[in-house]
Amino acid sequence: SPGFAGDRYRLEPFAVAPRPEGGMRLVVGGTGSTRTPTLAGRYAAEYNGYPAPPDVYRARLDVMRTAAGSAGRDPDTILVSTSGAVLAAESRAEYEELFRQRAADAEMELDELEAHYARRSTPRGTYEQVAESVAALESVGVRRFYLQRGLDFDPEADAALLGVLGT
């Protein structure tokens, strides 16, 4: 670090260790349809868009690829990813019970929770349905899915889901 000297305090220079190998990789992400993918195309090593229906995601990727090309970059060198929560169970009956429990925990009606998940394009349903949702994103160019977990973390259920989704 080069240090700092101001009117009220001073920081002596210090070594930052360990230093990133190969430089810092910039990730640009968000839900925007124009500005976010444009910035990603111009500057980022990775574009991380929140899950969306495949046609919406494809449009965002078109904007990102055009911006990359305009900046003299090869758009195929930009890793495309998404991240989000997933609500899944092995069977339809187990999923419906899990969904009812989530609605109760959130103090929401079932249709309210479904509308919330639909707005966020949350992959949900049986493991196979979630695998199909993720495969649809992959078909338009998404190469990585970051699974987000919070207080709902269940190691056994997540292991089963990840086993279906693959590596």
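The exercises below work through ring pairs, helix packing, backbone angles and contacts in this structure.

The model is predicted, so local features need pLDDT of at least 70 and side-chain atom pairs count only at pLDDT 80 or more, while totals for chains, interfaces and linings use all residues. Residues are numbered from 1 along each chain as its sequence is written, and side-chain values use heavy atoms, with hydrogens and water left out.

**Exercise 1. Aromatic pairs**

Task: count the aromatic pairs, then classify two of them.

Solution. 
- Step 1. Apply the rule: rings of Phe, Tyr and Trp (its six-membered ring) pair if their centres lie within 6.5 Å. Planes under 30 degrees apart count as stacked, over 60 as edge-to-face and the rest as tilted. The count is 4 aromatic pairs.
- Step 2. Take phenylalanine 4 and tyrosine 9. Their ring centres are 5.5 Å apart and their planes stand at 40°, so this pair is tilted.
- Step 3. Check accessibility. Buried means under 20% relative accessible area, exposed over 50% and partly exposed in between (1.4 Å probe, protein chains only). Phenylalanine 4 has 41% and is partly exposed. Tyrosine 9 has 53% and is exposed.
- Step 4. Take tyrosine 47 and tyrosine 57. This pair is tilted, with 6.4 Å centre to centre and 45° between the planes.
- Step 5. Helices (H or I, at least four residues) and strands (E, at least two) are DSSP runs, numbered from the N terminus. Tyrosine 47 is in strand β4 (residues 46–49) and tyrosine 57 in helix α2 (residues 54–70), so the pair ties together parts 10 residues apart in sequence. Both tyrosine 47 and tyrosine 57 are buried.
- Step 6. Look for a cluster. Ring pairs link Tyr95, Phe99 and Tyr117.

**Exercise 2. Helices α5 and α6**

Task: describe how α5 packs against α6.

Solution. 
- Step 1. Two packed helices are described by the angle between their axes and the distance between the axes. Axes are lines fitted to C-alpha atoms, for helices over the stretch in contact, and angles run from 0 to 180 degrees between N-to-C directions.
- Step 2. Read the values. Helix α5 (residues 127–139) and helix α6 (residues 155–165) pack at about 50°, with axes 9 Å apart.
- Step 3. Classify the angle. Under 35 degrees is roughly parallel, over 145 roughly antiparallel, 65 to 115 roughly perpendicular and the rest oblique. Helices α5 and α6 are therefore oblique to each other.
- Step 4. Assign the hand. A crossing is left-handed if the near helix is turned anticlockwise from the far one by less than a right angle, and right-handed if clockwise. The α5 and α6 crossing is right-handed.
- Step 5. List the contact (heavy atoms within 4.5 Å). From α5 come Tyr127, Val130, Ala131 and Val134; from α6 come Ala157, Ala160, Leu161, Val164 and Leu165.
- Step 6. Sort by class. Ala, Val, Leu, Ile, Met, Phe, Trp, Tyr, Cys and Pro count as nonpolar, Asp, Glu, Lys and Arg as charged, and the others, Gly among them, as polar. The contact of α5 with α6 has 9 nonpolar, no polar and no charged residues.

**Exercise 3. Positive phi**

Task: locate glutamate 107 and serine 121, and state whether each is buried or exposed.

Solution. 
- Step 1. Glutamate 107 has phi near 55°, a positive value in a residue other than glycine. Its place is the loop between α3 (92–105) and α4 (110–119). At 74% relative accessibility, glutamate 107 is exposed.
- Step 2. Serine 121 is not a glycine either, yet its phi is positive, about 50°. Serine 121 sits in the loop between α4 and β7 (124–126). Its relative accessible area is 18%, and it is buried.
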